[in-house]
Amino acid sequence: MWGEVLLAAETGEALSPDLAFDADGNPTVDGRAAARGGVAAFGGHKGYGLAFAIQALALLAGAAIPRGRVQDYGFLFLVVDPGTLLPENPFAEQMSQLVKAIQATPRRPGSRKFASHRSAPSASASAAAPKAYSSTLR
């Protein structure tokens with residue numbers, strides 16, 4: 001989502017409603033205002049909870065705030081052996097059943113398998129992408 005904000009800030013195209021907030025916490029569709037503010041959590045309150053949990057794990061990986069400066073990187077490898085957690089290790093079979101159940105779920109009429117919920121980028125957005133990307137590297 002942050003990439004969409006940076007791209008909209010460069011192109012001047014409007015963001016989707018309910019995606020971003022300005023520096024005062026007000027909803028905005030202006031990419032430049034959103035770049036000084038923030039974005040809504042993907043998935044509402046559940047997405048926020050998941051993002052918070054991931055950020056908490058990132059603290060374990062060294063992405064803390066040392067000396068008052070945000071250190072926005074860290075590496076945490078979590079390795080789980082299902083056989084240790086589950087007697088007789090039913091994980092592979094259960095995972096297979098879960099995937100099959102999801103694949104068998106009827107889709108809405110007109111939707112495609114693995115279709116993205118976002119529209120394709122416009123020509124002006126595609127042209128601005130390298131500039132927006134390079135501005136994030138500074």
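Asn26 is partly exposed, with a relative accessible area of 39%; the class lies between buried (under 20%) and exposed (over 50%), computed with a 1.4 Å probe on protein chains only. Asn26 sits in the loop between S1 and S2. Beyond its neighbours within four places in sequence, Asn26 is in contact with Ala20 and Phe21, where contact means heavy atoms within 4.5 Å. Asn26 and Gly38 are separated by 12 residues in sequence and by 9.9 Å in space, C-alpha to C-alpha.

The model is predicted: local features need pLDDT of at least 70, side-chain atom pairs count only at pLDDT 80 or more, and totals for chains, interfaces and linings use all residues. Residues are numbered from 1 along each chain as its sequence is written, and side-chain values use heavy atoms, with hydrogens and water left out.

The protein chain holds 6 helices and 3 strands. Both are DSSP runs numbered from the N terminus, helices being H or I of at least four residues and strands E of at least two. From the N terminus, the order of elements is α-β-β-α-β-α-α-α-α.

The 3 strands form an open antiparallel sheet in the order S2-S1-S3. Strand pairing requires at least two DSSP bridges. Strands S2 (27-28) and S3 (38-39) are at the edges with a single partner strand each, so one side of each has no neighbour in the sheet. Strand S1 (residues 20-21) is joined to S3 by 2 bridges, and the two run antiparallel. Phe21 has Gly38 of S3 as its bridge partner.

Of the 138 residues in the protein chain, 14% are buried. In helix H1 (residues 2-11), the buried residues are Val5, Leu6, Leu7, Ala8 and Ala9. Among contacts between residues at least 6 apart in sequence, 33% join residues at least 24 apart.

The accessible surface of the chain is about 11200 Å², with 61% belonging to carbon and sulfur atoms. Areas follow the Shrake-Rupley method with a 1.4 Å probe; for residues, only the protein chains shown count as cover. A nonpolar surface patch is formed by Leu78, Val80, Leu85, Leu86, Phe91, Met95, Leu98, Val99 and Ile102, together exposing about 860 Å² of accessible area. Patch residues have over 30% relative accessible area and no salt bridge, and nonpolar side chains (Val, Leu, Ile, Met, Phe, Trp, Tyr) are joined within 5 Å. A salt bridge places a side-chain nitrogen of Lys or Arg within 4 Å of a carboxyl oxygen of Asp or Glu. Helix H5 (residues 91-104) gives the most to the patch, with 5 residues. Val80 lies in the loop between helix H3 (44-60) and helix H4 (82-85).

Key: Patch = residues over 30% accessible without salt bridge, like charges linked within 9 Å, V, L, I, M, F, W, Y side chains within 5 Å.
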